[in-house]
Amino acid sequence: MKKQFETPEIKPIYTKESVVVVHDDAGLPSIMVKVENTAPSKELADPMFIVRGQEYREIYLSQFLNSTVEDRAYSLPFADPRAFINMDEAIAACRAKGPKWHLLTVPEWNYIIRNTHAGIHGNTNFGNYHGNTDERGIRSDYGRTMTGTGPASWFHNGDKKTGIADVVGNVWKIIAGLRLRRSVLEYMENNDAAAPGADLSFESQEFKPVLVNGYPVRIGLNDEGSLCITTDEVDGYAAEERKEVVVDFAEVPQILKDLGIVTDNMDSSEEWFAADAELDEAVLFGGGCYNSASLAGPSALRLSYGRSHVHTHLGFFSACLGDLYIR
């Protein structure tokens, strides 16, 4: 059945943001958005601040798609986003910076998505926004644009000084902490994927299946040939606009919203949703790329490639844990 979605409940925001420079253990800088945890209790803190049961006072998110220097990741403007990099290489480039650095995780990405303003665009047409070619960035290789060179409408909050650039388009972003294993959706709780030493490998036992009423959630083709999110058996590869995806629940479980699998605008969204139920492992890519056109968007996602996949339109953001919150 196709779920009809209601207007989302407005929840309190317990964060404060600022742009800062953070140096890695080599003393080299990255420009980051510092997100402070202002929740009055641990229970009300955003899940991205909870890592293996411990609460953090702040998290630093890259302001720019990362470039790399000597296999270390850096968030800097006017750089060609690092592409031709697979998931394991991206994880290593982030962790090489120091013990608190990591590849951007699902809770961190979904925090960005929730705070991305309506109407934000990006490089979706080989250097410009497909809906208005006056919105353009400085071209780099292939169809990519140099980081941060687009207009204010290419920053998640519409502000070039304080926003995160290229959430929409430019390159698909590799995101840690969520995957498909032979159609079954698996995740790591809260922000455990950000923990130093978190096992993000193919063989990891730290992922667990997303369960609804005791049954694993699966994503793939149903008997009618539609891309479906369900607890029934599915198979095959499919890619659809979000509004065409069948959400086979009378009431959507909150965990699917928390993970960004189901969005509140699902019935009207043209953003891309792709899944391959037959892969041994399909990792998560988000946001669209330079040739996605109208299919790009903050909630666009692919669970249709393995961790070894590389491409001219595949890159990443890094992030960094702050200090523990002692209440």
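This is a predicted model: local features need pLDDT of at least 70, side-chain atom pairs count only at pLDDT 80 or more; totals for chains, interfaces and linings use all residues.

Tutor: Strand β2, residues 29-37, and strand β5, residues 58-62, pair in the antiparallel sense, with five bridges between them. In general, strands of a sheet pair through backbone hydrogen bonds, and this can happen in a parallel or an antiparallel way. Here β2 and β5 belong to an open sheet of five strands, whose order is β1-β2-β5-β24-β8 and whose pairing is antiparallel. At the edges stand β1 (15-23) and β8 (101-103), and because each has a single partner strand, one side of each is left without a neighbour in the sheet. If you follow the sheet across, neighbouring strands are turned by 30° against each other on average, with direction ignored.

Now consider the helices that lie against these strands. Helix α2, made of residues 106-114, lies across β1, β2, β5, β8 and β24, and runs at about 75° to β5. Helix α1 lies across β8 and β24 (318-321), with an angle of about 165° to β8. The loop between β7 (72-75) and α1 (87-95) contains Phe84, which counts as partly exposed because its relative accessibility is 43%. Together with Tyr142 and Val310, Phe84 forms a nonpolar patch on the surface, and the three have about 290 Å² of accessible area together.

Methods: Residues are numbered from 1 along each chain as its sequence is written. Side-chain values use heavy atoms; hydrogens and water are left out. Patches are made of residues with over 30% relative accessible area and no salt bridge: like charges are joined within 9 Å, nonpolar side chains (Val, Leu, Ile, Met, Phe, Trp, Tyr) within 5 Å. Accessible areas come from the Shrake-Rupley method with a 1.4 Å probe; for residues, only the protein chains shown count as cover. A salt bridge is a side-chain nitrogen of Lys or Arg within 4 Å of a carboxyl oxygen of Asp or Glu. Helices (H or I, at least four residues) and strands (E, at least two) are DSSP runs, numbered from the N terminus. Buried means under 20% relative accessible area, exposed over 50%, partly exposed in between (1.4 Å probe, protein chains only). Two strands pair if DSSP finds at least two bridges between them. Axes are lines fitted to C-alpha atoms, for helices over the stretch in contact, and angles run from 0 to 180 degrees between N-to-C directions. Contact means heavy atoms within 4.5 Å.
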